[in-house]
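Let's take a friendly walk through a protein structure. Have the sequence and the 3D view ready, and look up each residue as it comes along.

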Amino acid sequence: MGGLACAGILCKEGLKVCVLEKNKQIGGSLQTYVRNRVIFDSGVHYLGGLSKGQNLYQIFKYLGIIDKLKLQQQDVDAFDKILVEGDDTEYSFAQGYENFINKLLVHFPDEEKALRAYCDKIQEACSKFPLYNLQSADGFNEKSDFLQIDTKAFIDSITDNQKLRLVLAANNALYAGQADKTPLYVHALILNSYIESSWKCIDGGSQIAKFMAKNIREHGGKIIPHCEVKKIVENNGVASHVELENGDKIYARYFISNMHPVKTLEITDTPLIKNAYRNRLKSLENSVSAFTLNIVFKKGSFKYLNNNYYCVRDGYVWATAEHTEENWPLGYAIFCGASSKSPEYAEGLSILAYMRYDEVEAWKDSFNTVSKENDRGETYNEFKNRKAEVLLDAVERKFPGLRECIQTYYAATPLSYRDYIGNGDGSLYGIVKDYRHTLKTFISPRTKLPNLYLTGQNLNLHGILGASMSGIVTCCALLGDNSVINKIRNA
């Protein structure tokens, strides 16, 4: 999304743009895939901030796609439902701040002060990030206080109610939250967009990439799939061209890489980028990956869910990724794809549970995508099937009878994320942000090569909104001013 946002903005600003895509489909986590005629999203399960005038709405309006997208607003009273092992209550996260508070007051009637303090702080944090509000000024001092607040510590500070603490943190799979690490601003910027408004793409998120590609081409841009860049070549202090897998060379005035910054530097051979900087980026922690189970339902067997579910285990809400072979999964998320063919009954369901890259390291030398199909072997298939059944056992405790609705299912591991996204370890959200080392985990869009830029989720924030914002940051750096932000705000 970061790369497509850059391409969409720069071609509108009059530059000639060419997008080089290693996969068959463009868009990274916007990619969808079809199994048994059912569309599954690889990453875009729901979107925030898409009501008229909100930040993502304005970005999409500027890019010329907002009126083309098939969108469905999620349940206003429960875009997310929180489930807790051993507790039959469903705790709802509602759209709109007053609605959000009132729905949680049903279960926590004595916690209005805490809930208002929580919502006030979320909104205050968002107000400190001008770009998030499509404002040009982006001084560090204004937001510095919020960069150094730990999310868990803040939630714990507003209430002594252990169940409310757990519920407010329960959907932290949205940002791979960690205790004593995840900054409050990450939690705030992401949650706020969904509380403002929450949406699903009907028939999959790849439509975002499709319409952006159409606009790029209409502005004279090119998009070349199956086109993997293997080398960025420096001559006389600038990036002169890139070399493709087939040996072709492509020359340009500017280059923007949407690859993980570490991967970008690995293919950039130049003494101008010092080893100290390369090693600093390599030392940064990447977020955890996931095991994904995509279920195809028997027709008319499972009612469509217009909300998402996050199930957590008490005592592990901030440590869900620290599972063992014996206690996995410590939590999971459920997303129901919206289909134009079947609005009442679900065609499919995606279940995500954390999985670390070390759990699939035995098959790390394998590679498998639609463009380059390879079989990872029988032991890998056995591993996936075993994990799928364990995950289904866990989900059936909250959704009895789920198995009876299943026609078939398909599983993906961190290796799938790695091979399609190209990030080395299947990380969901890229470089982990740390409130104790704020500046260390902020990546500049500029590099030591004055015409080589970085973009994507590793810069500012992940997700469709975060990656779009990163694209804007990169374009402002390349264009030399912030005028594009005003154009987006006033689109």
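Two strands pair if DSSP finds at least two bridges between them. Helices (H or I, at least four residues) and strands (E, at least two) are DSSP runs, numbered from the N terminus. What you see is a predicted model, in which local features need pLDDT of at least 70 and side-chain atom pairs count only at pLDDT 80 or more, while totals for chains, interfaces and linings use all residues. Residues are numbered from 1 along each chain as its sequence is written, and side-chain values use heavy atoms, with hydrogens and water left out.

Start with strand β8, residues 198–201. Strand β5 (residues 71–73) pairs with β8 in the antiparallel sense over three bridges, and here Gln-73 stands opposite Trp-199. Strand β4 (residues 47–48) also runs antiparallel to β8, joined to it by two bridges; Gly-48 has Ser-198 as its bridge partner.

Are the faces of β8 covered or open? Both are covered: Ser-198 and Lys-200 on one side, and Trp-199 and Cys-201 on the other, are all buried. Buried means under 20% relative accessible area, exposed means over 50%, and partly exposed lies in between (1.4 Å probe, protein chains only). As background, side chains in a regular strand alternate between the two faces of the sheet.

**A seven-stranded sheet**

Next, find the open sheet of seven strands, which has mixed pairing and the order β7-β6-β16-β17-β18-β15-β19. Its edge strands, β7 (87–93) and β19 (406–412), each pair on one side only. From one strand to the next, the twist averages 20°. Within this sheet, β17 (residues 331–336) and β18 (residues 348–355) are antiparallel and share four bridges, with Ile-334 opposite Ile-351.

**Helices that cross and a helix that is covered**

How do α4 (residues 112–127) and α8 (residues 184–196) cross? Their axes come within 9 Å and cross at roughly 95°, which makes α4 roughly perpendicular to α8. Axes are lines fitted to C-alpha atoms, for helices over the stretch in contact, and angles run from 0 to 180 degrees between N-to-C directions; roughly perpendicular covers 65 to 115 degrees. Residues of α4 including Tyr-118 and Ile-122 meet residues of α8, among them His-187 and Leu-191. By class, this contact has eight nonpolar, three polar and one charged residues. Here Ala, Val, Leu, Ile, Met, Phe, Trp, Tyr, Cys and Pro count as nonpolar, Asp, Glu, Lys and Arg as charged, and the others, Gly among them, as polar.

Helix α1 (residues 2–12) is mostly covered, with nine of its 11 residues buried. Among the elements that these buried residues pack against are α2 (55–62), α9 (206–218) and α14 (463–479). Just after α1, Gly-14 takes a positive phi of about 100°.

**Nonpolar cores**

A nonpolar core is a set of buried Ala, Val, Leu, Ile, Met, Phe, Trp, Tyr and Cys residues joined through side-chain atoms within 4.5 Å. In soluble globular proteins, nonpolar side chains tend to be buried together. The largest core in this model has 106 residues, and Tyr-118 and Leu-168 are among those with the most contacts inside it. Helix α14 gives the most to this core, with 10 residues. Leu-168 is in contact (heavy atoms within 4.5 Å) with residues including Phe-93, Tyr-118 and His-187, leaving aside neighbours within four places in sequence.

**Backbone details to look up**

Trp-328 is joined to Pro-329 by a cis peptide bond, with omega about 0°. Pro-329 is found in the loop between β16 (308–312) and β17.

| Residue | Phi | Loop | Relative accessibility |
|---|---|---|---|
| Asp-180 | about 55° | between α7 (162–169) and α8 | 39% |

Key:
Parallel < 35°, antiparallel > 145°, perpendicular 65-115°, else oblique.
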